[in-house]
Amino acid sequence: MSVLAQAGGRWRSAAARAVIPCLWRGKYFCSGKEPVENNPVTPMLRHLLYKIKSTGPITVAEYMKEVLTNPAKGYYVYRDMLGEQGDFITSPEISQIFGELLGVWFISEWMASGKSAAFQLVELGPGRGTLTGDILRVFSQLGSVLKNCDMSIHLVEVSQKLSEIQALTLTEEKFPLERSAGSPVYMKGITKSGIPVSWYRDLQDVPKGYSFYLAHEFFDVLPVHKFQKTPQGWREVFIDIDPQVSDKLRFVLAPCATPAEVFIQHDETRDHVEVCPEAGVIIQELAQRIALTGGAALIADYGHDGTKTDTFRGFCGHKLHDVLIAPGTADLTADVDFSYLRRMAQGRVASLGPIKQQTFLKNMGIDVRLKVLLDKSAEPSLRQQLLQGYDMLMNPKKMGERFNFFALLPQERLHGRSHQMNARQSEPSPSPVAGFSELAWQ
Ligand code: SAH
């Protein structure tokens, strides 16, 4: 974001970038220059105008949180925004192969860590439930490997609408759902393959125990604070009402230091940064759980390793959308800073990645899986769909290089028990972690 700085201790205005159309999230920057006639006063805008008039400009993090997850009017709460009819498309919605390979990853980690008698699969922000559904299909197909393993599914979801869609995807209404709106476990059911599934609003409420955690395009919707370097030091970007147009929002710079500045590294060299304290809290919780009870976390998202600056943008109807226009009608997102996630996990668990989606899926055997499915399908339209899906996931110009995989694992999974105990050289070295190293066919 280029900031139009003014001298003195007053709020200053900031401007943003140009609109370029695209099909999936995570590619271009947004515009700050939509004509006023395209700026309908949505219920969310009315709510924000009232809030700002009452208590002053709000941080970008507060804006994101309100716009996306406000329980009454939030973008995520009452709509299905995924897929062709929605605002953006994600890998699990593009190809079944994506979820299948992730299912294989979890089984591979379960085997490498000693085939625990029970495990929980926990997904953060499960969208339509497609990814968990594809993973469970792999688990069913490999039933002989997983037999006698006591499995349960735990979904962390704030959206009422999406939780209903997830329930439909996973249970196919074979068993009735149990609902208790006021409880931390707000819904319970049984999947079509007979596995218990529970819904929560907060990761903290998911029972502790040996678990595999999954977050696909989840961290990018968590609220970020934005900071601009100025001659006076770091100044946070806030959102205020445009003094020229009473129902239009604009970016401003805070006149003095603000508390979230503590999240900026002392040796930071960029002149604009985005920090996401909520991501730090979640990573610390995951790291603590994995260190205590075992398991692993697999995080896939678009992002960078502490190098990018202004990545805050909006998506509506598969197009970039000005983040300040018609709030509540478009998705808001910012690239994930994987270097921050790594720092938050350090000392408790080992981390791997980020590596490009193209490399991860190749290492997981996507080419072999594609060939099997192509050989099995005679229908030309199905074959074309499989090939198009593969291209979308793997092509470096599409999702192949833009999306990354990052994992958290117990220290001993990577370094062996001898690392901690400083003991015998003769102990067998741990097996490589699937996806993060090249696949060796035996
Ligand atoms: N993982 C899915 C959906 C990604 S969209 C896919 O890849 O297709 C983001 C998801 O996170 C949605 O399900 C949204 O409702 C959920 N979400 C957003 N903010 C959340 C929060 N603070 N806590 C839990 N879920 C959240």
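Predicted model: local features only at pLDDT ≥ 70, side-chain atom pairs only at ≥ 80, totals over all residues.

Q: In which helix does L49 lie, and is L49 buried or exposed?

A: L49 belongs to helix α1, which covers residues 43-55. Its relative accessible area is 7%, so L49 is buried; the cut-off for that word is under 20%. L49 and D240 are 191 residues apart in sequence, yet their C-alpha atoms are 8.4 Å apart in space.

Q: How may I describe the chain as a whole, for instance how many helices and strands there are?

A: The chain contains 15 helices and 20 strands. Of its 442 residues, 54% are buried. Contacts may also be sorted by separation in sequence: among those between residues at least 6 apart, 73% join residues at least 24 apart.

Q: Which residues have the most contacts inside the largest nonpolar core?

A: A nonpolar core is a set of buried nonpolar residues joined through their side chains. The largest one here has 59 residues, and those with the most contacts inside it are Y63, F219, I239, L249, I283, L341 and L408. Helix α8 (residues 277-293) supplies the largest share of this core, namely 6 residues. Domain 1 (75-220 + 276-413) and domain 2 (225-275) both contribute residues, so the core lies between these domains. There is also a second, separate core of 58 residues, which includes F98, I107, M392 and F405.

Q: With which residues is F219 in contact?

A: Setting aside neighbours within four places in sequence, F219 is in contact with A279, I282, I283, I299, D301, V336 and L341.

Q: L341 is in that list. Which residues of helix α9 are buried?

A: The buried residues of α9 are F338, S339, Y340, L341, M344 and A345. That is 6 of the 8 residues of this helix (residues 338-345), so α9 is largely enclosed by the rest of the structure. The cover over these buried residues includes α8, β14, β18 (336-337), β19 (350-356) and β20. Just after the helix, G347 takes a positive phi of about 95 degrees.

Q: What is the relative accessibility of S339, and with which residues is S339 in contact?

A: S339, a residue of helix α9, has 12% relative accessibility and therefore counts as buried. Neighbours within four places in sequence aside, S339 is in contact with H304, D305 and G306.

Q: How many aromatic pairs does a search of the whole structure find, and how is such a pair described?

A: In general, a pair of aromatic rings is described by the distance of the centres and the angle of the planes. The search finds 13 aromatic pairs. In one of them, the ring centres of Y302 and F403 are 5.3 Å apart and the planes stand at 90 degrees, so the pair is edge-to-face; the cut-off for that term is over 60 degrees. Y302 lies in strand β14 (residues 295-304) and F403 in strand β20 (residues 403-409), so the pair ties together parts that are 101 residues apart in sequence. Y302 counts as buried at 0% relative accessibility, and F403 is buried with a relative accessible area of 0%.

Q: At what angle do the ring planes of F360 and F436 stand?

A: The planes of F360 and F436 are at 70 degrees and the centres 5.4 Å apart, so this pair is edge-to-face. F360 is in helix α10 (residues 357-363) and F436 in the segment after α15 (417-421), so the reader must look along 76 residues of sequence to pass between these distant parts. Both F360 and F436 are buried. Aromatic residues may also gather in a cluster: W105, F106, W110, F119, F139, Y210 and F212 form one.

Q: How many residues surround the ligand, and which are the closest?

A: The ligand is surrounded by 18 residues, of which T90, G125, G127, E157 and H216 are the closest. Individual polar atoms may then be examined. A side-chain N or O atom of T90 is 2.7 Å from an oxygen atom of the ligand. For E157, a polar side-chain atom lies 2.6 Å from a ligand oxygen. H216 likewise places a polar side-chain atom 2.6 Å from an oxygen atom of the ligand.

Notes
Residues numbered from 1 in each chain as written. Heavy atoms only, no water. Core = buried A, V, L, I, M, F, W, Y, C linked by side-chain atoms within 4.5 Å. Buried < 20%, exposed > 50% of the residue type's maximum accessible area, 1.4 Å probe, protein only. Helix = DSSP H or I, 4+ residues; strand = E, 2+ residues; numbered from the N terminus. Domains from an automatic or database assignment. Contact = heavy atoms within 4.5 Å. Phe/Tyr/Trp six-rings, centres within 6.5 Å; stacked < 30°, edge-to-face > 60°. Near = heavy atom within 4 Å. Polar contact = N/O pair within 3.5 Å; in protein donor to acceptor, adjacent residues only side chain to side chain.
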